[in-house]
Amino acid sequence: MRLPLLALLTRGPAHGYELKQDLEKLLGAAYPQPNIGQVYVTLGRLEKSGLIDGVDVEQSGRPNKRTYRLTDAGREAVLAWFEQTADEPRVRDEFFMKLALAPESGLADPIALINRQRRQYLNTMRELSRLAASEDRDNKVSQLLIEGAMLHLQADLDWLERCQEELE
Amino acid sequence: MSERAPTGDRRTGRWARVRAALRTPSAPGGAQGAAAGRVPAPLVRAEQLVKTHRGEGTAPVHAVRGVDLTVEPGEFVAVTGPSGAGKSTLLHLVGGLQRPDSGGLWLDGERVDAYGEARWALLRRRRIGIVFQFFNLVSNLTVADNVELPALLAGVPAGDARASRAELLAELGLEGRERSMPGELSGGEQQRVALARALVNHPALLLADEPAGSLDSKGTREVLRLLGRFHERGQTILMVTHDARTASAADRVISFFDGQVADDAPLGGSRREGRRGVSGVLELKE
């Protein structure tokens, strides 16, 4: 969560709870809600490494809140983050290993493994479809997140199909 | 829709009786009949269906190799698998568009595998609606006429056909498109017209052959949403698709490989094998 928080702070200073809410609003209900404790811990670490500065702001009748602003080093980190391309997703390693080793062990039928795995993927695909239908249509970021997950799952299902064709 | 006499086919007395007997389960929401205590026959039952395509000078293709299949009233079943697996052939057998080489086929308890073209045409007019990948609308008829045609062919009075058509087109978000020609519509709109045409006679069974296969993602979403909505009201649907996203709209998915059923899985049950479920695939990792 380090870099998303830094990237949000490029807009101007904010405190932890604001950042959590902004992230939720941006990513939509589909994205697993960030844990507020995790946000505070991450902000503390970012401050320690000099990427943000924290200032305590007094509040009447409530504990102080700590507001953070990006340092020059923090800004550099965000720029470098945007410069980099992301790693490719990887094939489902654990399932692949099971499939490779099932015939060696003689303890599992590869086709049964494929069928079971397909059931799970299809159920997840169904949940994603429902999530997409229930999520705000106008939140493009959120819809794209769900669609991305569905396309990855589709690729995994296509791959299972190939495995089945070859191993049947 | 009110009960009405099927004037067109009145001379075939036996069929009129069959239809009368079938009318209750054919009505929308017919699946509720099951809750009323009667144990209904499966809407579709296939036993050991076999179909081999024999082209001249080419090796025979064993498209369907001994398939058993049951579809209960109210189910939404998807058949999925790679292209060439024989899933479209299976759908065509169930819709009588092709005849099996051997095996038995029952629709709502009635054995139909030996029926000839005329009897199948009647079944498709009254009890089976079909949508295809490429819509297959009549290109020189308006949207309204495309939808009304099957009703008129089934002997529905013109006024009732118009009313059904208007209701369906409104339901499918096609109001104001009645006078359009199919060629003036987007793919998604054409498929919705095809869906209206398939449903205008309230068939007990809707067959869909790659219904989203030639649509963009917006059109796909729309057609799947509509299929889901009709299903919620009790429409029984058997759909063939190579696309897993489309298949996941169904509540049961049959995986078809090499002319045979490889797996038959209910979806959306409470038992989830995945440890992470849906939030796991959405979580962004750093």
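In what sense do strand 3 and strand 9 of chain B pair, and over how many bridges? Strand 3 (residues 76-80) of chain B runs parallel to strand 9 of chain B, and the two pair over 4 bridges.

## Ground rules

This is a predicted model, so local features need pLDDT of at least 70 and side-chain atom pairs count only at pLDDT 80 or more, while totals for chains, interfaces and linings use all residues. Residues are numbered from 1 along each chain as its sequence is written, and chains are lettered from A and ligands numbered from 1 in the order in which they are written.

Helices (H or I, at least four residues) and strands (E, at least two) are DSSP runs, numbered from the N terminus. Strands pair if DSSP finds at least two bridges between them.

Asp258(B) isn't a glycine, yet its phi is positive, at about 50°. Asp258(B) is partly exposed, with 16 other C-beta atoms within 10 Å. For the cut-offs: 20 or more other C-beta atoms within 10 Å of a residue's own make it buried, 12 or fewer make it exposed, and anything in between is partly exposed, with C-beta atoms placed from the backbone.

His202(B), another non-glycine, has a positive phi near 50° too. You'll find His202(B) in the loop between helix 7 (187-199) and strand 7 (205-209) of chain B. His202(B) is partly exposed, with 18 other C-beta atoms within 10 Å.

## Where chain B touches chain A

The contact (C-beta atoms, placed from the backbone, within 7 Å) takes 25 residues from chain B and 29 residues from chain A. On chain B, the elements giving two or more residues are helix 9 (244-247), strand 9 (252-257), strand 10 (260-266) and helix 10 (277-282). Helix 10 of chain B supplies the largest share of that side, 5 residues.

## A helix in chain A

Terms used
Two residues are in contact if their C-beta atoms, placed from the backbone, lie within 7 Å.
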